[in-house]
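Hi,

Here's the structure I said I'd pass along. Have a look when you get a minute, and my notes on the aromatic side chains follow below.

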Amino acid sequence: MTLQALKSTRLITTDRLMMIPPGRENLPDLIRLKADERVFGWMLHGVRNESRTREELEDDIDFWEVRGYGTWCVFERATGDFLGICGLMERPDGRGVALRYALWPECRGKGYAREAARAALAFGHRAGLPRIIAVAREENAASRAVMADIGMAPAGEYRHQGHRMLVFESRG
């Protein structure tokens with residue numbers, strides 16, 4: 001099998017989205033996204049500087065090679081516009097493989113997060129992951145709504161840096 005054929009199995013196309021594993025060519029978009037408080041202020045460890053984003057990109061590329069799943073860059077098919085990221089990553093707190101998504105605020109209310117998250121979740125279960133979790137702050141109603149709408153069920157809670165964190169799960 002050629003490298004190109006192998007990579008093609010990692011692409012996800014939905015009605016409106018193209019999801020592509022990140023490459024170095026995506027670094028400028030990722031730097032802008034991860035530095036934006038409106039987007040990454042909700043994420044574990046918060047906003048990232050350029051150096052940290054570079055390191056995370058290299059980690060994301062390596063993660064795909066080792067695990068066969070990871071984070072995708074999400075693009076609108078009709079325009080080619082970069083909308084954000086969505087994917088599956090091992091949580092650093094040992095809770096398991098987690099679905100995560102972070103799209104530009106301008107994308108809110110259009111169903112893009114649901115579409116990307118649903119596709120990533122299905123990919124993960126097809127890849128053999130029996131349980132995938134997702135975590136959101138209690139006050140992040142939009143993220144919680146996405147998790148519920150794609151069929152994830154409440155599975156616990158914990159506190160992190162003064163925030164009540166809600167855990168959802170999907171069993172494949």
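Let me start with Trp64: its relative accessibility is 2%, so it counts as buried. Bear in mind that this is a predicted model.

I ran a search for aromatic pairs over the whole structure, and it came back with five. One of them joins Trp64 and Trp72: the ring centres are 5.2 Å apart and the planes meet at 75 degrees, which makes the pair edge-to-face because the angle is over 60 degrees. Trp72 is buried as well, since its relative accessibility is 0%.

Trp72 also pairs with Phe123, again edge-to-face, with 5.0 Å from centre to centre and 85 degrees between the planes.

Put together, Trp64, Trp72 and Phe123 make up a cluster linked by ring pairs.

One more thing to look at while you have the model open: which ring does the charged end of Arg95 sit over? That would be Tyr158, with the charged end 3.5 Å from the ring centre.

Cheers

Terms used. Residues are numbered from 1 along each chain as its sequence is written. This is a predicted model: local features need pLDDT of at least 70, side-chain atom pairs count only at pLDDT 80 or more; totals for chains, interfaces and linings use all residues. Side-chain values use heavy atoms; hydrogens and water are left out. Rings of Phe, Tyr and Trp (its six-membered ring) pair if their centres lie within 6.5 Å; planes under 30 degrees apart count as stacked, over 60 as edge-to-face and the rest as tilted. Buried means under 20% relative accessible area, exposed over 50%, partly exposed in between (1.4 Å probe, protein chains only). A charge sits over a ring if NZ of Lys or CZ of Arg is within 6 Å of the ring centre and within 35 degrees of the ring normal.
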